[in-house]
Amino acid sequence: MAVTVSATLDASQVLIYDAAVIVSGANLANIDADGSVTFGGAINGASDTFTVYTKLSPVTAALTDGTEVTPVSMADAAVVITPKEYGNVIATTKLANSATAGKADMAAAKLIGINIVESPNAKAVAILEAATNTTAAAVSGTLDNLDLRLAYTKLATAGVLPFADGRYRCRINPTQVSDIKDDYIAIVQGTMAGEATLGRVGTLEGFTIVEDRAVTAGTVICYGDNGLGKCETISTQPTIIDGTDNLGRIRNYGWYGLYEYGIVDQNAVQLITSA
């Protein structure tokens, strides 16, 4: 008689875990996936150096025939981002999983699946919220489209480039969405499924608006290309490791990554406070 034991189903258990991670993390705000992060190329844990060059002044005077053009000097600044270890783990026992008819392991997988997306996103948002360029909202406690217009003007005046979609990003707490919902033009609201799963709720004043629970209520993050950089040596990955206890009763569900975020160009980030 063939007896199905735990080892026989190990492959199935891993597949179920992987699927749970993908499903439970799919609809969360994910700054790494929305095209607004500049990724470096660190290898083997080395720091990434992001070099920012100061743009040249526009030339408005015509050249003089027979006169040499005087070379101009380039100016640069380096921003170093050093990756750090991040991760989380839930340990379940076979008894706990059996007593809950398998719910313990599935719950662990779902919780890790959410945490693997929320953790890097929360870290990136915290870095952006520490930017130095801040402007208080015109009306304390309320975000107005004119606040966004001012932030847009500051970014554009500084020569900050928009992202590939032609717009800057604006990350806001869900409590601020209602403040600006009446300012949207219906045709530019983010209604496509792909937009919605990235947290994008619409376009306003030159910004793609992203609803993000990690953003502190009352703070609005406006940023452009090269505002946020990421050094990533080991991308975040789910892990499932059976415990090293003598009877193999413990299973560890977790995630691990070696990365860090940092502001590359302070000019590319504008914060609206007291909104």
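Reader: Buried means under 20% relative accessible area, exposed means over 50%, and partly exposed lies in between, with a 1.4 Å probe and protein chains only. What share of the 275 residues in the protein is buried?

Author: The model is predicted: local features need pLDDT of at least 70 and side-chain atom pairs pLDDT 80 or more, whereas totals for chains, interfaces and linings use all residues. Numbering starts from 1 along each chain as its sequence is written, and side-chain values use heavy atoms, leaving out hydrogens and water. Of the 275 residues in the protein, the buried share is 36%.

Reader: In which helix is confidence lowest?

Author: Confidence is given by pLDDT, the predictor's value for each residue from 0 to 100. The protein has a mean pLDDT of 84, and 81% of its residues reach 70 or more. Strand β9 (residues 220-223) is highest at 98, while the lowest confidence, a mean of 52, is in helix α6 (residues 193-196). Where pLDDT is low, predicted coordinates should not be read in detail.

Reader: How many helices and strands does the protein have?

Author: Helices (H or I, at least four residues) and strands (E, at least two) are DSSP runs numbered from the N terminus. On that basis the secondary structure comprises six helices and 12 strands.

Reader: Among contacts with a separation of 6 or more, what share joins residues 24 or more positions apart?

Author: A contact means heavy atoms within 4.5 Å. Among the contacts in the protein with a separation of 6 or more, residues 24 or more positions apart account for 80%.

Reader: Which element gives the most residues to the lining of the largest pocket?

Author: On a 1 Å grid over the protein atoms alone, a pocket is an open set of points with protein on both sides within 12 Å along at least five of seven lines, and lining residues have an atom within 4 Å of a point. The largest pocket has a volume of about 460 Å³; of its 19 lining residues, Val-52, Tyr-53, Lys-55, Gly-159 and Asp-265 are the closest to the centre. Two or more lining residues come from each of β2 (48-53) and β3 (76-81). The element that gives the most, with four residues, is β2.

Reader: How much space lies in the largest cavity?

Author: A cavity is a set of grid points where a 1.4 Å probe fits but cannot get out; points join across faces, edges and corners, and a volume is the space filled by probe spheres set on them. The count comes to one cavity of 30 Å³ or more. Thr-135, Ala-136, Asp-147, Leu-150, Ala-151, Gln-270, Leu-271 and Ile-272 line the largest cavity, with at least two residues each from β5 (134-136), α4 (145-157) and β12. The space in the largest cavity is about 50 Å³.

Reader: Is Ile-31 buried or exposed?

Author: Ile-31 sits in the loop between α1 (10-25) and β1 (38-39). Because its relative accessible area is 0%, Ile-31 is buried.

Reader: What is the phi of Glu-205?

Author: Most residues other than glycine have a negative phi. Glu-205 lies in the loop between β7 (200-204) and β8 (207-211), and its relative accessible area of 22% makes it partly exposed. Although Glu-205 is not a glycine, its phi is positive, at about 50 degrees.

Reader: What separates the C-alpha atoms of Gly-141 and Ser-274?

Author: Gly-141 is in the loop between β5 and α4, whereas Ser-274 is in the segment after β12 (269-273). Ser-274 is partly exposed, with a relative accessible area of 42%, and has a positive phi of about 55 degrees although it is not a glycine. Not counting residues up to four places away in sequence, Gly-141 touches Asp-179, Ser-274 and Ala-275. Gly-141 and Ser-274 are 133 residues apart along the chain, but their C-alpha atoms are separated by 5.6 Å.

Reader: What is the relative accessibility of Ser-178?

Author: Ser-178 belongs to helix α5 (residues 174-180). The C-alpha atoms of Ser-178 and Leu-143, 35 residues apart along the chain, are separated by 9.0 Å. Ser-178 counts as partly exposed because its relative accessibility is 44%.
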